Every structure is written in structure tokens, then in C-alpha cells.
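These notebook entries record what I looked up in the structure shown below. I proceed from charge pairs to cores, then to one helix and to the backbone.

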Amino acid sequence: MSSCDPVVLNYENSLLRQSDIELLTAPNWLNDNIIAFWFEYLENDVYKDHKKTLGFVCPQVVQYLKFGLPEDVKSTIEGLELDKKQYILFPVNDCRAQTVPGGTHWSLLAYNASENLFEHYDSYPGSCNLPVAESLAKILAMFLRNSLKGGQPPIIQEMPCTQQMNTYDCGMHVICNAEGLCKKYISKDKRPLTEIVPSSVIARSRESLKDIIYSLRK
């Protein structure tokens, strides 16, 4: 297996093989491994000085949270200290099985603790992942920061973002939007946006991501 699909990068908790890297060539869909790597990179490199504020949850854990029992969800959130974070990002996939990879679409759910607000960013016209995001938000709401203070339940709001121009770039939109939202949050930029990252940047990001991955090889 290793000789047919060699490891390209072992970074923090992420392991990327050649087959994962090949998905960065259009028109492939991104898988859990690529998105998990990017969230690890944001947490441990780009925003390493903001670990007390920002939370990044990998796709595999999000999938577990979607189907976990309340006590398991609670222990996972406490273990990751998500109940202490101010802004948390969750990549959402429409896969309906807990332990089997799959699904056809990625979107991004963010929890803003200071506003007790779930923000959903869906790059596909019609926000097809909204029902999945709403279901996840309701599960998370029982255990996240402001929900534990006896106040109103969090609001779940569909947010504007750049729409994809094809059927395969949803994962790249999640990756680009995640970084763009972190920049916006850290800079305290309150301006409403119709796009977080322009489509021209997203179009170049597959190659940029490859460059980052290869630059981290030791």
C-alpha cells in the first residue's frame, strides 16, 4: 500500500498520501484528509497565536459529532476545549453515515460565541447543505459557550459567500472561506460581505495549497 500510495506529508495529526495530493488537480473533489490538513495548518501555523480564541474541528470529528450520543458530544467538545473558544469552524459534509466516508458536498459552519450565532457558508446555489448544518448546530448548541449560560438558544443564519462556478470546488471554497473568516474575525472587521474570498483567489488556491504542502516536507 505504502509503495503504491506513498506518504507525501506527515503534519501534526494529518497524514497526506500521493492520492490525496492528486485531488488538488481539478476537477477532483477534496476529501476529508485535505480539509483536515488545512484546519491543522491554520491552527498550528497561521493562527498559532490565537489558539485560545479560534477553534478548528476536522471533518472526521464533525462527522462523529453529527451522530454521537449527547454524552459523547459533550466529552468531545470538552476534550477539544471548544466550550472555551470564541470562534469555531466546522466543515460540514452531507454524508449520512457516521463511519463511512462519502457525501457529495462541503460547506462551512462557524460558531460566534460573542454573538451566540451559528453562521453557515454554502458555496452551492440554493444552500443545499443547510439542513445538515442546522441539525449539527442544534446538537452543538447544547454544549457550546453561551448556550450553557441559560440564555436564548443560538441563532442559525445563512450567510452570503462566493458561489462556486462548477460542481467540484465546494471543498476549496471551505478551505478559502475558513482562512478568510479567521482573518475577518481576528481583525475585528464588522463590515458585511457578499463574498469572503473572491472567485479569482479560489481558482488559484489548488496550486497554492500544493505549494504549502510541499514546503512543509522535511
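**Entry 1. Salt bridges.** I count a salt bridge when a side-chain nitrogen of Lys or Arg lies within 4 Å of a carboxyl oxygen of Asp or Glu. The model is a predicted one, in which local features need pLDDT of at least 70 and side-chain atom pairs count only at pLDDT 80 or more, while totals for chains, interfaces and linings use all residues. Residues are numbered from 1 along each chain as its sequence is written, and side-chain values use heavy atoms, with hydrogens and water left out.

By that criterion I find 5 salt bridges in the structure. As a general point, side chains of opposite charge can pair when their charged atoms come close. For burial I use relative accessible area: buried is under 20%, exposed is over 50%, and partly exposed is in between (1.4 Å probe, protein chains only). Helices (H or I, at least four residues) and strands (E, at least two) are DSSP runs, numbered from the N terminus.

- Lys 74 and Glu 78 form a salt bridge with their closest N and O atoms 2.6 Å apart. Both lie in helix H4 (residues 70-79), and because they are 4 residues apart, about one helical turn separates them. Glu 78 is partly exposed at 42% relative accessible area, and Lys 74 is partly exposed at 37%.
- Asp 189 and Arg 191 meet through their side chains at 2.8 Å, N to O. Arg 191 counts as exposed, with 57% relative accessibility.
- Glu 207 and Lys 210 form a salt bridge at 3.4 Å between the closest N and O atoms. The two are 3 residues apart in helix H7, about one turn of the helix. Lys 210 is buried at 16%, whereas Glu 207 is partly exposed at 45%.

Entry 2. I take contact as heavy atoms within 4.5 Å. Setting aside neighbours within four places in sequence, Lys 66 contacts Asn 93, Asp 94, Cys 95, Val 132, Leu 136 and Ile 139.

**Entry 3. Nonpolar cores.** I define a nonpolar core as a set of buried Ala, Val, Leu, Ile, Met, Phe, Trp, Tyr and Cys residues joined through side-chain atoms within 4.5 Å. The largest has 38 residues, of which Phe 37, Leu 89, Tyr 121 and Ile 213 touch the most other members. Two or more residues each come from E1, H2, strand E3 (54-56), strand E4 (87-93), strand E5 (106-112), H6 and H7. H6 supplies the largest share, 8 residues. Another core, of 22 residues, lies apart from this one and includes Val 92, Leu 109, Val 132 and Ile 139.

I then listed the contacts of Phe 37. Not counting residues up to four places away in sequence, Phe 37 touches Leu 9, Tyr 11, Ser 14, Leu 16, Leu 209, Ile 212, Ile 213 and Leu 216.

**Entry 4. Backbone.** Where is the cis peptide bond? I find it between Ala 26 and Pro 27, with omega about 10°; Pro 27 sits in the loop between H1 and H2. Glu 12, a residue other than glycine, has a positive phi near 50° and lies in the loop between E1 and E2. Lys 188, also not a glycine, has a positive phi of about 60°. Lys 188 is in the loop between H6 and H7 and is exposed at 65%.
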